[in-house]
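Please look over the sequence and the 3D structure shown here before reading on. The paragraphs after it are meant to be read slowly, with the structure in view.

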2 protein chains.
Amino acid sequence: MTRSLPDLDSLSLAEQVAQMVVVRASGYLFDHQIQYPDWEPPAAKLQYWLQHLGVGGVILLGGSAGELALRSQQLQNWAKIPLLIAADIEEGVGQRFSGATWFPPPMAISAIARKDPSIAQHYAEQMGAITATEALAIGINWVLAPVVDVNNNPNNPVINVRAFGETPVEVSQLATAFIRGAKAYPVLTTAKHFPGHGDTATDSHLDLPVLPHSPARLAEIELPPFQAVIAAGVDAVMSAHLLIPSWDAELPATLSKKILTQQLRQQLNFAGLIVTDALVMGAIAKRYGANIAPVLAVEAGADILLMPVDPEGAIQAVCEAVASGRILPERIRASVERIWQAKLKVRRSGGEGNLTMELAQPAAFTTVANILQETQLIQGSVPLQLTPTGSNHLCNLIVVDDLLARDFLGQYTPAIALPSKLGYTTRLSDCHTPPSDPTLDEASCTLLQLFIRGNPFRGSAGITQAAFDLFKRLSRTGNLQALVIYGSPYVLEEFLPLLPPEVPCIFSYGQMPSAQATALKLLLDI
Amino acid sequence: MTRSLPDLDSLSLAEQVAQMVVVRASGYLFDHQIQYPDWEPPAAKLQYWLQHLGVGGVILLGGSAGELALRSQQLQNWAKIPLLIAADIEEGVGQRFSGATWFPPPMAISAIARKDPSIAQHYAEQMGAITATEALAIGINWVLAPVVDVNNNPNNPVINVRAFGETPVEVSQLATAFIRGAKAYPVLTTAKHFPGHGDTATDSHLDLPVLPHSPARLAEIELPPFQAVIAAGVDAVMSAHLLIPSWDAELPATLSKKILTQQLRQQLNFAGLIVTDALVMGAIAKRYGANIAPVLAVEAGADILLMPVDPEGAIQAVCEAVASGRILPERIRASVERIWQAKLKVRRSGGEGNLTMELAQPAAFTTVANILQETQLIQGSVPLQLTPTGSNHLCNLIVVDDLLARDFLGQYTPAIALPSKLGYTTRLSDCHTPPSDPTLDEASCTLLQLFIRGNPFRGSAGITQAAFDLFKRLSRTGNLQALVIYGSPYVLEEFLPLLPPEVPCIFSYGQMPSAQATALKLLLDI
């Protein structure tokens, strides 16, 4: 951002409220590339929201890092007031925008912390610094990370490996290290999801989870990481769409004044931005009217309404609530002042540098490689001893949740390309393919590669029955040559007791190409 | 390009020869995104070739249009002398670089020509103009199109639907119209593959095809389109890796002086750039030494050596051939003068405009939509009458050559997304998945969607036996609800006689999302 902010007093009430709204948009440049038409507006509507309504920010998803640099410039040009541009880049910019650095999930770093907390904190700090640098390089000034939920429920379908650990101490240490790394750059950080989404077995994308814990338990497990990151200077806290009856029997955290204002603002003394989680998510959208939820959220104490179902209607509804006396103008003003503080902080941010000098730099790659290397688990004897004569019966069986949604698997990614070079036949299995044919797959000496982690929107934390059956049949027939699991350590725990002792197994927290290369170079000795 | 060309006399021999070399590079910005490591150099080597050796051009593949705009600027900045930047964008820029306009294959336009030649020529001219505009917007100044081969062999695995027709007249008219459209812009066009690759059943990516025709037959079928586009002012002609014994019993066209100089330069009086097809292709690379083929090609009369196996070695070998007297310095000088003419022509080109105002514009979309609409073939009664009660037994079975290589199929593309909305279950089938399970797929009322066209590198023009078996089983059990074929009209011809009369069938030349949408909106009435 190079333009200056207008005087806050020059804004009408509607313009002030519009600054509290962050809308979703595709990171791609063209309307025909929109992947989620229900959630992502075409250019004309987006331009209207930014130019005419003056909404305060945009959250972007999709596209390459190069495209995103152009996209964020386009959006800033459309906006009357410099925008906050946010992205869900919990695992580095490369998690969402191809070309940039892609980190393994935070839980990998917590695995290092159990052996050496200070090295783990160093990695988390590096991750924060690299994510901040790369975000700014492509025009993102608001990092929707770190996750500070304590994942103490292995069946959690939505947090899972996204958490920095399973204990409050681990999460506090690593999340504050991440913020320390990012703080050197003019970018906002966000602790999520208040007061803690780690102990739920329901996915709030689909419905409203209940956290049945007492205030004492919340103070013991869920809250310490938030207290730690607030002390470390986190810029924003994102609310969870959770019902916490011991604090508020009626309203979920996102809409609860008792939670956002009394607990977060007053008890925890948080002075930064309170942002809702996406209001289009099932937990809120299925239960509250499109223009009722935004009013409740503002009443509750939210400064930013993320992805309201109807941005224009939300602005109007909040304005009407002010006109009717339900919300005080001072309440709006206080939020916009906090937004101004945040926008002043990110004013130095650019997105006009030389991308190839700022993204995916060697130091970032070294950090990723080190984390992958140090957290890779190996059981059994590696590398495999491949007998050349049997090479026409080698099968590389890849099991993935959804082939159509994968962004880590292609013709040239290591999980496919490396075994192919050694003569393996590639076989693919997902929710859209028939169960494996015994005559084809089980007769071969099979390298089984499972890509499995928690899957938001599908409400499942782990493996499919089909994958499990496949594994058991291959084990039984003696044709399982090796097992590689990419993703969830909880899935690994389910498989390990059943693994024949002579079958080597490698586990990696990462699913991205660099994780595949690390595992397979070891396994296949190439 | 904004910089001026240096005085040709200021160049050393090695610098002159380097200008004759066009190297391949990834269109992505970062080394870790390289998909073909055998063919695409890392940044350091590429920069060395451009800055130190001074190679004259780059051919790019991969990446989004937005990334490519940044990539071409980067390459121009590295080069001492403004570069030719080429791409194989025979079906529009969107065929290779996501975000831009993606046309159906040229053979679709020839289908229109059989009904109305003047409308078809209008479309071909639009295609040329739009491709040129969009190429320039992202920094590509050399369009490696139009294909002017006459596809009179339905089993041709490599040309097939890439041709503008099956007769010399069709191809001549449409290819000249394409050039007419492009000529308004400072971009180079390329007729390929001289003297004609349309009547081969071997893929020159894999081995050397033989064209056993007499000079009289060549003059009747293969040559007229080249004569027509030369008259229309095509800037470059690309050689074919073909053996044509009636012209030269020893050397393939790419390396034959009898063909490139005597036939193309002298007989056809072509004064523009003669460019080899890629020298890394099997037809040449498997038969001639890495640094022998470039010398032979220059001797034969080529001005541009496309993708030599070893660019530095090729430059050195050609220089040595000059030093030894085998090649005259005047021969090099004449090529570089032609290259200078070409570079002067494209000097106005920029790639610094506003991409969103130049790519994927509404007029381009209308042209694509019209071509798709007018060439879509429908048999039987559409739309389908869907009975809501049976909706849990609807199956959408997608057959594609290789799921890992497809760039037209994803979670949100119409072939998947539209049937899903109506309750269809998606099933995927490709060369990596087990044959369809009868108990799962055949019991359902199945919409079968086949994506099949000629596949360079795999030496197959048509359907797999597995796809054919699937079709026959579904037909036999009465569970085939409808058939959609995207791609090859030759495949359609194989299926039509076997199609039960009550089963509707739609054929589209296009495989891209807009083709899917056009077909399914009609079939499913949504």
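This is a predicted model: local features need pLDDT of at least 70, side-chain atom pairs count only at pLDDT 80 or more; totals for chains, interfaces and linings use all residues.

Residues are numbered from 1 along each chain as its sequence is written, chains are lettered from A and ligands numbered from 1 in the order in which they are written, and side-chain values use heavy atoms, with hydrogens and water left out.

Side chains of opposite charge can pair when their charged atoms come close. A salt bridge is taken here as a side-chain nitrogen of Lys or Arg within 4 Å of a carboxyl oxygen of Asp or Glu, and by this rule there are 34 salt bridges over all chains. One of them joins A:Arg333 to A:Glu337, with 2.9 Å between the closest N and O atoms. These two residues, A:Arg333 and A:Glu337, lie 4 residues apart in helix H12 (residues 329-345) of chain A, so about one helical turn separates them. Helices (H or I, at least four residues) and strands (E, at least two) are DSSP runs, numbered from the N terminus. A:Arg333 is partly exposed at a relative accessible area of 28%, and A:Glu337 is likewise partly exposed, at 37%; on this scale buried means under 20% relative accessible area, exposed over 50%, and partly exposed in between (1.4 Å probe, protein chains only).

In chain B, B:Arg333 forms a salt bridge with B:Asp9, at 2.5 Å from N to O. This pair links distant parts of the chain, since B:Arg333 belongs to helix H12 (residues 329-345) of chain B and B:Asp9 to the segment before helix H1 (13-19), 324 residues apart. B:Arg333 is partly exposed, with a relative accessible area of 26%, whereas B:Asp9 is exposed at 56%.

Another salt bridge in chain B brings together B:Arg453 and B:Glu91, at 3.0 Å from N to O. B:Arg453 is buried at 17% relative accessible area, and B:Glu91 is buried at 2%. Salt bridges can also join into a network, as they do for A:Asp88, A:Glu90, A:Arg162 and A:Lys192.

What do the cysteines do? A disulfide is a pair of cysteine sulfur atoms within 2.5 Å, and the count over all chains is 0 disulfides. A:Cys431 is in no disulfide, the nearest cysteine sulfur being that of B:Cys395, 13 Å away. The sulfur of B:Cys505 is 16 Å from the closest cysteine sulfur, in B:Cys445, and therefore too far for a bond.

The last topic is the interface. Contact (heavy atoms within 4.5 Å) takes in 42 residues from chain A and 42 residues from chain B. Across the interface of chain A and chain B there are 0 salt bridges.
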